[in-house]
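Here are some exercises to work through with the model open beside you. Try each one yourself before reading the solution.

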Amino acid sequence: MPDLQEQPITRNRVILTVVVLAGVLIAGWWLFRRGGGTEPIDLVASFDAAQKRPDASALTLEDVALNGESKRSIVAKPLPGTRLTYRIRVPDSGWFFVSLALKPEAWAQEGNGVLFMVGISDGRAYDELFTQHVNPYGDPTNRRWIPVWVDISAYGGEEVDLILNTRSGPPRQEGDLRNDLAVWGDPQIVVR
């Protein structure tokens, strides 16, 4: 005859095992759903579909090599205020990744650099997420690819405009277009 005290212990072990197994399965599914299976959105490949300002000739695709490292890039001509707008659906845990630079022929030529800006518009408001001034003439540490990660996960699941802007010079010193050869290297949306 089975011991009556062993039955509740055995039943509790079975329940605990089922609960732990269910928890592991749910956690695995959640982690896979958030990060696994989401391919990066290659913005160079989507270049033709993007809106370009002041006009389509202001931005071109090029392979740009800096210090022996080549990237497929979007190059902005030295014009006042270039803008590239992508209509995207932001994945959960989405980040915008890009490498910023000025082309090497600008490094030793006079100028005050370029202000790079990244923002998002949901159609009602514009949210500036990132700005960086790059001036390889005035700051030799800028003579390289500058990797940038911008968190856009707050817009996960939404369809928004991702806007890439360049301006001549640092804030409040705009207008000097000399050697403003801005480069957006290998821009993409990734899941982190």
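**Exercise 1: a charged pair**

K71 counts as buried, at 14% relative accessibility (buried means under 20% relative accessible area, exposed over 50%, partly exposed in between, with a 1.4 Å probe and protein chains only). Before going on, a word on the model: it is predicted, so local features need pLDDT of at least 70 and side-chain atom pairs count only at pLDDT 80 or more, while totals for chains, interfaces and linings use all residues. Residues are numbered from 1 along each chain as its sequence is written, and side-chain values use heavy atoms, leaving out hydrogens and water.

Task: find which residue forms a salt bridge with K71.

Solution:
- Step one: look for a carboxyl oxygen, since a salt bridge is a side-chain nitrogen of Lys or Arg within 4 Å of a carboxyl oxygen of Asp or Glu.
- Step two: the partner is E69, with the closest N and O atoms 3.1 Å apart.
- Step three: check E69 itself, which is partly exposed at 40% relative accessible area.

**Exercise 2: a link between strands**

Task: work out which strands are tied together by the salt bridge between E159 and R89.

Solution:
- Step one: check the contact, where the closest N and O atoms are 3.2 Å apart.
- Step two: E159 lies in strand β10 (residues 159-168) and R89 in strand β5 (residues 82-89), so the pair ties together parts 70 residues apart in sequence. Strands here are DSSP runs (E, at least two residues), numbered from the N terminus.
- Step three: E159 is partly exposed at 38%, and R89 is partly exposed too, at 49%.

**Exercise 3: rings that meet**

Task: the structure holds 2 aromatic pairs; describe how the rings are set in each.

Solution:
- Step one: recall the cut-offs. Rings of Phe, Tyr and Trp (its six-membered ring) pair if their centres lie within 6.5 Å; planes under 30 degrees apart count as stacked, over 60 as edge-to-face and the rest as tilted.
- Step two: F97 and W149 are 4.4 Å apart centre to centre with 40 degrees between the planes, a tilted pair. F97 sits in strand β6 (residues 94-102) and W149 in strand β9 (residues 146-151), so parts 52 residues apart in sequence are tied together.
- Step three: F116 and W184 have centres 5.1 Å apart and planes at 85 degrees, so this pair is edge-to-face. F116 is buried at 0%, and W184 is buried at 2%.

How values were computed:
Helices (H or I, at least four residues) and strands (E, at least two) are DSSP runs, numbered from the N terminus.
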